[in-house]
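Reader: I am new to this structure. Could you show it to me before we discuss it?

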Amino acid sequence: MTDLDALVDHWLPLPDVAERLGLDVGKVRRQMQEGRFIAVRHGERRILSVPERFLVERADGGWEIVPSLQGTLVLLGDAGLGDEEAIRWLFTPDPSLEGLGNGPVPVRTPIEALAAGHKTEIRRRAQAEAF
């Protein structure tokens, strides 16, 4: 078990991401190349996988990539973080985020804050990583 496994509770291989998004795997790979999300080689077989929490359920029951993830990933990349480091940053619990949540589940990590709509605060923190 790696430190990422301790932080990320569930991984999805690209075909599963494609199925959730209702796209073919080629389109999902293009979205990844465009920076909409990141994936790392994971597991015993080193399969290209995405943290499940990068996807959120829409009101209509479909799925989408966390809308503010792409811009946040750009800022983390500008700060010099690689894909694994960016995932680690997004999934590391931060007690100072707990005050952001107003829903039934408290916000504990940057990815949870992004999914809950706290883009500005998380991007401010991502920018601070560069300093």
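This is a predicted model: local features need pLDDT of at least 70, side-chain atom pairs count only at pLDDT 80 or more; totals for chains, interfaces and linings use all residues.

Reader: Fine. In what order do the three strands of the open sheet come?

Author: The order is S1-S3-S2, and the pairing is antiparallel.

Reader: Which are the edge strands?

Author: They are strand S1, residues 11-13, and strand S2, residues 40-42; each of them pairs on one side only.

Reader: And what does the twist average from one strand to the next?

Author: The twist averages 60°.

Reader: How many bridges join S2 and S3?

Author: Strand S3 covers residues 47-51, and three bridges link S3 to S2 in the antiparallel sense.

Reader: Now the helices. Which strands does H2 touch?

Author: Helix H2, residues 14-21, packs on the sheet and touches S1 and S3. The direction of H2 makes about 90° with that of S1.

Reader: What about H5, which strands does that helix touch?

Author: Helix H5, residues 83-91, also packs on the sheet, where H5 touches S1, S2 and S3. The direction of H5 makes about 80° with that of S2.

Reader: A change of topic: where does Glu98 lie?

Author: Glu98 is in the loop between H5 and helix H6, the latter being residues 110-115.

Reader: Why is Glu98 called partly exposed?

Author: Because its relative accessible area is 47%, which falls between the 20% limit for buried and the 50% limit for exposed.

Reader: How many Å apart are Glu98 and Pro51 in space?

Author: They are 21 Å apart, C-alpha to C-alpha, and 47 residues apart in sequence.

Conventions. Residues are numbered from 1 along each chain as its sequence is written. Side-chain values use heavy atoms; hydrogens and water are left out. Two strands pair if DSSP finds at least two bridges between them. Helices (H or I, at least four residues) and strands (E, at least two) are DSSP runs, numbered from the N terminus. Axes are lines fitted to C-alpha atoms, for helices over the stretch in contact, and angles run from 0 to 180 degrees between N-to-C directions. Contact means heavy atoms within 4.5 Å. Buried means under 20% relative accessible area, exposed over 50%, partly exposed in between (1.4 Å probe, protein chains only).
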